[in-house]
Amino acid sequence: MSVNKDIRLEVEFLATDLTQMLMERYGWDILKALDVLYGSQTFAKVNDPECGLYYQGAVYVFDYLKNEIETGKIA
């Protein structure tokens, strides 16, 4: 598997976990959770291989996402 495919797979797994966490934390349905996740600056950073955020655990990344949602800023 190429590096890009490995990264893509990591991002997909992370997106799945983050979506579930958003649904549980905020009581959103899957469409709302996906919309917020994919539109977030946090997810843009997850998709940036140079940033390396894709390699972190879902709980770690969720802290950034939660902060962005609640304050409008990435920590």
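User: Which residues is T42 in contact with, leaving aside its neighbours within four places in sequence?

Analyst: T42 is in contact with L53, V61, Y64, L65, E68 and I74, where contact means heavy atoms within 4.5 Å. This is a predicted model, in which local features need pLDDT of at least 70 and side-chain atom pairs count only at pLDDT 80 or more, while totals for chains, interfaces and linings use all residues. Residues are numbered from 1 along each chain as its sequence is written, and side-chain values use heavy atoms, with hydrogens and water left out.

User: Why is T42 called buried?

Analyst: Buried means under 20% relative accessible area, exposed means over 50%, and partly exposed lies in between (1.4 Å probe, protein chains only). T42 has 2% relative accessibility, so it counts as buried. T42 is found in helix α3 (residues 41–46); helices are DSSP runs of H or I with at least four residues, numbered from the N terminus.

User: How do you know that E68 has no salt bridge?

Analyst: A salt bridge is a side-chain nitrogen of Lys or Arg within 4 Å of a carboxyl oxygen of Asp or Glu. For E68, the nearest side chain of opposite charge is K45, 9.2 Å away; Lys and Arg count as positive, Asp and Glu as negative, and His and the chain ends are not counted. E68 is therefore without a salt bridge, although buried. E68 lies in helix α4 (residues 58–71) and touches, among others, S40, T42 and K73.

User: What makes the pair of Y26 and W28 stacked?

Analyst: Rings of Phe, Tyr and Trp (its six-membered ring) pair if their centres lie within 6.5 Å; planes under 30 degrees apart count as stacked, over 60 as edge-to-face and the rest as tilted. A search of the whole structure finds four aromatic pairs. In one of them, the centres of Y26 and W28 are 4.7 Å apart and the planes are at 20°, so the pair is stacked. At 23% relative accessibility, Y26 counts as partly exposed.

User: Why is the pair of Y54 and Y55 called edge-to-face?

Analyst: The ring centres of Y54 and Y55 are 6.3 Å apart and the planes are at 75°, so the pair is edge-to-face. Y54, at 16% relative accessibility, counts as buried, whereas Y55, at 64%, is exposed.

User: What makes K32 a charge over the face of W28?

Analyst: A charge sits over a ring if NZ of Lys or CZ of Arg is within 6 Å of the ring centre and within 35 degrees of the ring normal. K32 lies over the face of W28, at 5.2 Å from the ring centre.

Conventions:
Helix = DSSP H or I, 4+ residues; strand = E, 2+ residues; numbered from the N terminus.
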